[in-house]
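Subject: Structure for your review

Dear colleague,

Please find below the sequence and structure that I am handing over to you. My findings follow directly after them.

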Amino acid sequence: MTRPAIEVADVARVRGRPFLERFKATLSYQQLNAFRAVLRCRTAALGGHKDKCVGCQYEPPFSYNSCRSRCCPKCQAQARQRWLDARQRDLLNTNYFHVVFTLPHELNPLALTTPRPFLDLLFEASSQALLEVAADPNRLGAEIGFLSILHTWSSNLLPHYHIHAVVPAGGLSPDHQSWIHTSHPLFLLPIPVLRTVFRKKFLEGLRQLYRKNLLDCRGPATAFRDQAWFEQLLEMLAKKDWYVYAKPPFGGPQHVLGYLGRYTHRMAISNHRLTAFDGMQVSFRWRDYAHGGKQRIMTLDAVEFLRRFFLHVLPKGFVRIRHYGLLSNRFRKQLLPIARMQLASQGNEPLPAPPIPHSELWHCPRCGKAMRVVQRFTAAQLYFARLDSS
């Protein structure tokens, strides 16, 4: 993929000062760290290194170090590939569904002021809804396994809190003696039931957080301080249809990893979506899902663009990709082999073992062999090394 002509870092360097002057008082420590990381990524400020091809001995010029921040649009490709290589070992030989759980936008202020407990609750409510409905003997009656991926943004970078769950088409029977397939190839679980259970679990959990004073009702969430108003809002939301959507199977396991690559290890926007930056305004491509998902161009003031971008920095150490049921860390080693065995007994042979992933970060542009780091430089050393080579 070619290097994009415009990057988020370019906007940060040009308009970072007015952005900080306006919003620094409201930015968290993690958001400030993310801003510095994006600003310094692959610049002399982080030092650099020299590489050499193990084959033809080609030596490219100095390379600047990456920030490796999960908030940086330039630093997730290798992390994504390593994660996908690891997940390939967990694939089952069956179709997969994609289920989306979305929170009403009326609750967005609480996500902004109390992100960790609020987003933990989103994971908990959505995962328990799937596990509970799937285990119901009147539905699938099976123990399922799936992974959930958190996204906090919409295509226009505004807050939009939702979970993408990737679910195999079936699960183990309660006694683990058989694999129960979904009743129809295009049907996983009844959406109205999933929606109701998800809504109930989330609102119950939110009330508990409120009673325990674990919600920060300041700033944009000031209105939530009024308990009567809070209860009235929750009663209104309890009568509202929440957005839960299950897409038909997007194919067998051979398609899952490519599909997941679009959802994992992503920040709110990639550099390739930026189309123009004149020093004051930023234009980028987005999809207008209110009008059939049409692709449009949005232009924002650069400071507003940066504000929206850094809204989506998660708390330190927050895990945004989680595994449940058969795929959870607690049961994966025990139950995945049983699931493969039961599928094989029904004619779905286990998938071949994945190849050993390549450890090389990049390859020689001339002969294709691995590149190796032969020398590292601090920022100061890099400055003098470049002087000597010029």
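At the start of H9, the backbone nitrogen of Val303 has a side-chain oxygen of Asp301 within 3.0 Å. Please note that the model is a predicted one. Asp301 also takes part in strand pairing, as the bridge partner in E11 of Gln281.

Helix H9 (residues 302-310) is mostly covered, with eight of its nine residues buried. Those buried are Ala302, Val303, Glu304, Phe305, Leu306, Arg308, Phe309 and Phe310. Their cover includes H1, helix H2 (29-40) and the strands E9 (274-277), E10 (281-288) and E11 (294-301).

The three strands form an open sheet in the order E9-E10-E11, with antiparallel pairing. E9 and E11 are the edge strands, each pairing on one side only, and the twist from one strand to the next averages 25 degrees. Eight antiparallel bridges join E10 and E11. H9 packs on this sheet and touches E9, E10 and E11, its direction making about 115 degrees with that of E11. Helix H1 lies across E9 and E10, and runs at about 25 degrees to E9.

The two helices also pack on each other: H1 (residues 8-23) and H9 meet at an angle of about 90 degrees, with their axes 8 Å apart. H1 and H9 are therefore roughly perpendicular. Among the residues making this contact are Val11, Arg15 and Phe19 of H1, and Phe305, Leu306 and Phe309 of H9. The residues of the contact comprise twelve nonpolar, one polar and three charged.

With kind regards

How values were computed:
Residues numbered from 1 in each chain as written. Predicted model: local features only at pLDDT ≥ 70, side-chain atom pairs only at ≥ 80, totals over all residues. Heavy atoms only, no water. Axes fitted to C-alpha atoms, helices over the stretch in contact; angles between N-to-C directions. Helix = DSSP H or I, 4+ residues; strand = E, 2+ residues; numbered from the N terminus. Parallel < 35°, antiparallel > 145°, perpendicular 65-115°, else oblique. Contact = heavy atoms within 4.5 Å. Nonpolar A, V, L, I, M, F, W, Y, C, P; charged D, E, K, R; others polar. Buried < 20%, exposed > 50% of the residue type's maximum accessible area, 1.4 Å probe, protein only. Polar contact = N/O pair within 3.5 Å; in protein donor to acceptor, adjacent residues only side chain to side chain. Pairing = 2+ DSSP bridges.
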